[in-house]
Amino acid sequence: MNLPDYVEARKRTKQKLAIEHYSNDVKEIGKGKTYHIKTYGCQMNEHDSENIKAMLEELGFTNNDDYLTSDLVLLNTCSIRENAHNKAFGMLGRLKHLKEKNPNLIVGLCGCMAQEEGVVKEILEKYKWVNFVFGTHNLHRLPYILKEAVEKNTSEIEVFSKEGNIVEGIPVKRDSKYKAFVNIIYGCDKFCTYCIVPFTRGGQRSRLKEDIIKEVEGLVKDGYMEVTLLGQNVNAYGKDLDLGYGMEELLEEVSKTNIPRIRFVTSHPWDFTDKMIEVISKYKNIMPAIHLPVQSGSNRILKLMGRRYTKEDYLTLFNKMKERIPNVSISTDIIVGFPGETEEDFLETLDLVNKCKFDNAFTFIYSKRENTAAARLQDDTSEEEKEERLYRLNEVVNKYFLENNQKLVGKVVPVLVEGVSDKKNELYGYTDTNKLINFMGAESYIGKIVNVKITSAKTWSLDGELDEG
Ligand code: 5AD
Ligand code: SF4
């Protein structure tokens, strides 16, 4: 049994990591059995689930969309806020009943929650029937962990507190035939005081440029139209490698693979260089859509959050992007109710939103996370007040989403068509600036980039018609 340990998880060493290659000699333990994965949280988790699916299928398991009739149910969990926790524990509650009826059911838990000391302790005490738990640093060991759990019928807990080597060659079963996630950097060394990610995902580790390019070239060959380069903080790409290249060079080289669309998430304002802005504006296949979390507009709160920039720094960067990248859309993340946030601090955030008029914003109430620095700060603001701030913030951000969308009416934009929308029998896709759009058209357009004229705007989506002219 390997349990998570926060003292270890916090450590950052300068030690050079080696590259390992995935290998698996466990075979057929899933033959005739089905699996179901529930994925919570961010794109990084979604992509990990794509790896997990491929590893399970290599073992003979087949996918089952219904967890109630599956032989194996795996929860790929998220730690970012309390409600993500609650969802996973709620699901474990339901699985307990299922397991009482069907003792052969195999239940596993992985992802960020598996890296939390408190969570694993709770599983050991109250959810002893969970068959296996593994963390974010040993995804590639799934076949072996599962084999032990199945054959010995024990509870296998294998969580490494510290990141290991970078493992290349883990198989992947992608959810889309047109859009793909590609990891470029794992972990985070920023230690923003509210954030649990540096503990659950470990230290910053970049993949080698050659491995990334090889993966993207493979995607081009397979007909993929879009790649999203993933990292907790993509702008820090390469800083740990000492090889003399960073995100700027990586973006240029990915651009030269001629994949039609490149996106990247998430960017920390701290590492966003002028050269990055130049590269984004220079290459046509790098999409003019940047996710640039600000978190707060108050300098006092930004300092307490450990964000390393001021409201003014953020605005300078924001304006530079708007000036230099034609047609750019900028989205953000905002937290309200950070410990000690006053009404004045909150008004600073509203002021920043009024200046930036974001194209999209994900807004959250601060959630206290185990072992983070902010968890030790005094928090006097009531839950009602925090909810009221979130409500007021959402009113303002939503107003700008609609206003920005309305400005697009009449314009013709390129859209990557992804499928048929559930509701209206229309096609749907995303514009270059990452806006959802619905329009009538033949299914043969799915997987292609077409021009669509925007005919009307809503807060969270656009309507349009094909522009074949
Ligand atoms: N509470 C609320 N929101 C958080 N985020 C990260 N940690 C917390 C927390 N403890 C938000 C940040 C981040 C996004 C992914 O989630 O806004 O950018
Ligand atoms: Fe968390 Fe800050 Fe790292 Fe983002 S940059 S993952 S908010 S510590």
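At what angle do helix H8 and helix H9 pack, and how far apart are their axes? Before you select them, note that this is a predicted model, in which local features need pLDDT of at least 70, side-chain atom pairs count only at pLDDT 80 or more, and totals for chains, interfaces and linings use all residues. Residues are numbered from 1 along each chain as its sequence is written, chains are lettered from A and ligands numbered from 1 in the order in which they are written, and side-chain values use heavy atoms, leaving out hydrogens and water.

**Stop 1: two helices**

Select residues 247–256 for H8 and 274–282 for H9; helices are DSSP runs of H or I with at least four residues, strands are E runs of at least two, and both are numbered from the N terminus. The pair packs at about 10°, with axes 9 Å apart. Here axes are lines fitted to C-alpha atoms, for helices over the stretch in contact, and angles run from 0 to 180 degrees between N-to-C directions. H8 is therefore roughly parallel to H9 (angles under 35 degrees). Now show Met 247, Glu 248, Glu 249, Leu 251 and Glu 252 of H8, which meet Lys 275, Met 276, Val 279, Ile 280 and Lys 282 of H9; contact means heavy atoms within 4.5 Å.

**Stop 2: Thr 77**

Move to strand E4, residues 72–77, where you will find Thr 77. Not counting residues up to four places away in sequence, Thr 77 touches Tyr 40, Asn 45 and Ala 88, among others.

**Stop 3: ligand 1**

Select ligand 1 next; the residues around it include Ile 80, Arg 81, Tyr 194 and Asp 333 (a heavy atom within 4 Å). Polar side-chain atoms lie 2.9 Å from a ligand oxygen for Arg 81 and 2.6 Å from a ligand oxygen for Asp 333. A polar backbone atom of Tyr 194 is 3.0 Å from a nitrogen of ligand 1.

**Stop 4: Glu 343**

Finish in helix H12, residues 343–356, which holds Glu 343. Glu 343 has a relative accessible area of 32%, so it is partly exposed. Leaving aside neighbours within four places in sequence, Glu 343 is in contact with Arg 389 and Arg 392.

Notes: Angles under 35 degrees count as roughly parallel, over 145 as roughly antiparallel, 65 to 115 as roughly perpendicular and the rest as oblique. A polar contact is a pair of N or O atoms within 3.5 Å; within protein, one must be able to donate a hydrogen and the other to accept it, and residues adjacent in sequence count only if both atoms are side-chain atoms. Buried means under 20% relative accessible area, exposed over 50%, partly exposed in between (1.4 Å probe, protein chains only).
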